[in-house]
Amino acid sequence: MPGFKGLAVPGPSNMPFRIRQAMDVALEDHRAPDFPQFTQPLFGDLKKVFQTKSGQVFLFPSSGTGGWESAVANTLSPGDKVLASVFGQFSLLWVDLCQRFGLEVDVIDVEWGKGVPLEGYLQHLVADKEHKIKAVLVTHNETATGVTSDVAGVRKILNELNHPAMLFVDGVSSIASIDFRMDEWGVDVAVAGSQKGFMLPTGLAVVCVSQKALMAGERAKLPRCFFDYRDMIKANAQGYFPYTPAATLLRGLRAAVDMLLEEGLENVFSRHNRLASGVRAAVEAWGLRICAQGSEWYSDTVTTVFVPEGFDANDVIKTAYFRYDLSLGTGLNKLNGKAFRIGHLGWLNEIMVMQALCGVELAMRDVGVPFEPGAGAGAAVRYLSDTGQAMRIAAE
Ligand SMILES: Cc1ncc(COP(=O)(O)O)c(C=O)c1O
């Protein structure tokens with residue numbers, strides 16, 4: 001089909017040409033004498049993206065799932081208790097990983113469409129007088145439902161109770177797109193992947209770890225090898241890696257971090273918020289329901305949209321894909337067939353959002369979903385034009 005393929009899934013996200021070019025290089029010697037001159041500033045600048053001074057960044061050839069595994073395997077022992085909540089496919093999978101590692105997981109089941117239940121966490125932590133809970137898990141942005149949770153709120157509870165549990169955050173679909181503050185929120189392990197806010201191909205787990213979690217690692221007894229932070233620390237201190245790094249992806253990561261810092265994190269976050277608000281305006285105008293149950297849960301990187309009763313969301317997704325070359329996210333797990341997802345993260349502007357929204361309209365009309373053609377696109381145009389105009393006036 002002629003023309004660009006549209007990629008409106010919540011990761012992989014669209015890859016900027018600058019990043020492609022940065023990776024269009026000959027393969028290189030990762031033991032070259034000048035390799036540390038490339039890696040050490042990269043580690044330093046990545047800390048800015050996590051908003052940390054004291055945390056340590058690790059780069060594994062992996063995906064986000066490996067980042068989860070690294071968090072658990074490096075800091076905990078068999079039978080340790082962790083507190084988690086499940087409200088979508090990714091929070092569910094992280095719990096499954098913990099259970100497969102032989103951890104005892106206190107799981108709070110939450111209706112899909114809401115996020116981390118602060119009240120529930122409070123109750124479990126208050127009841128945990130002997131401090132058996134060693135880690136508290138938070139999926140910052142549940143990519144299945146388009147729900148963002150309050151990490152700072154969890155930190156506040158831990159502080160108020162003086163509870164020593166570590167705070168682990170899955171930031172795979174939030175970090176580098178939505179505000180994330182490692183130090184201020186007292187996060188002990190933050191997990192990101194290369195294919196979302198970092199705008200790269202899949203292949204890197206980008207993890208940031210607090211000194212407290214590194215210390216816990218000294219006592220932790222779960223087996224670890226590939227993801228052992230201690231091996232990374234030793235090699236990274238010299239600017240190298242304990243095994244062959246994904247050097248080409250690291251070249252791309254350098255360009256990604258440059259782009260993020262040049263735009264400014266604040267601007268990156270507000271761009272995501274504005275574009276996401278445009279998408280939400282469109283969904284409302286279509287008369288459809290967003291999975292996130294209220295504005296406090298809205299995600300600025302992905303919107304999960306229910307199709308009306310009697311329609312199959314997969315028909316919309318397939319029609320968008322086969323007729324219009326547009327990839328939308330599928331409904332995961334129990335949302336399959338009921339919802340589709342619009343990803344709006346990474347390297348994205350108004351036109352790319354409009355392309356996705358118009359693609360959704362074309363596909364929905366083709367399969368007979370009732371709505372007024374142009375209603376959603378029109379609402380987004382109004383929102384994006386009005387807010388763009390206000391921004392230009394404010395900048396003058
Ligand atoms: C919130 C979240 N956590 C974890 C993962 C798993 O990451 P990966 O697929 O890169 O292993 C994903 C993937 O989409 C995700 O969205």
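Modeller: Accessible areas here follow the Shrake-Rupley method with a 1.4 Å probe, and for residues only the protein chains shown count as cover. The model is predicted: local features need pLDDT of at least 70, side-chain atom pairs count only at pLDDT 80 or more, and totals for chains, interfaces and linings use all residues. Residues are numbered from 1 along each chain as its sequence is written, and side-chain values use heavy atoms, without hydrogens and water.

Colleague: What share of the accessible surface of the protein belongs to carbon and sulfur atoms?

Modeller: The total is about 16,700 Å². Carbon and sulfur atoms hold 54%.

Colleague: What percentage of the protein's residues is buried?

Modeller: Buried means under 20% relative accessible area (1.4 Å probe, protein chains only). The protein has 396 residues. The buried share is 59%.

Colleague: Which residues of helix H11 are buried?

Modeller: Helices are DSSP runs of H or I, at least four residues, and strands are runs of E, at least two, numbered from the N terminus. H11 covers residues 313-324. Its buried residues are Ala-313, Asn-314, Val-316, Ile-317, Thr-319 and Ala-320.

Note on methods
Buried < 20%, exposed > 50% of the residue type's maximum accessible area, 1.4 Å probe, protein only. Expected span 1.5 Å × (residues − 1).
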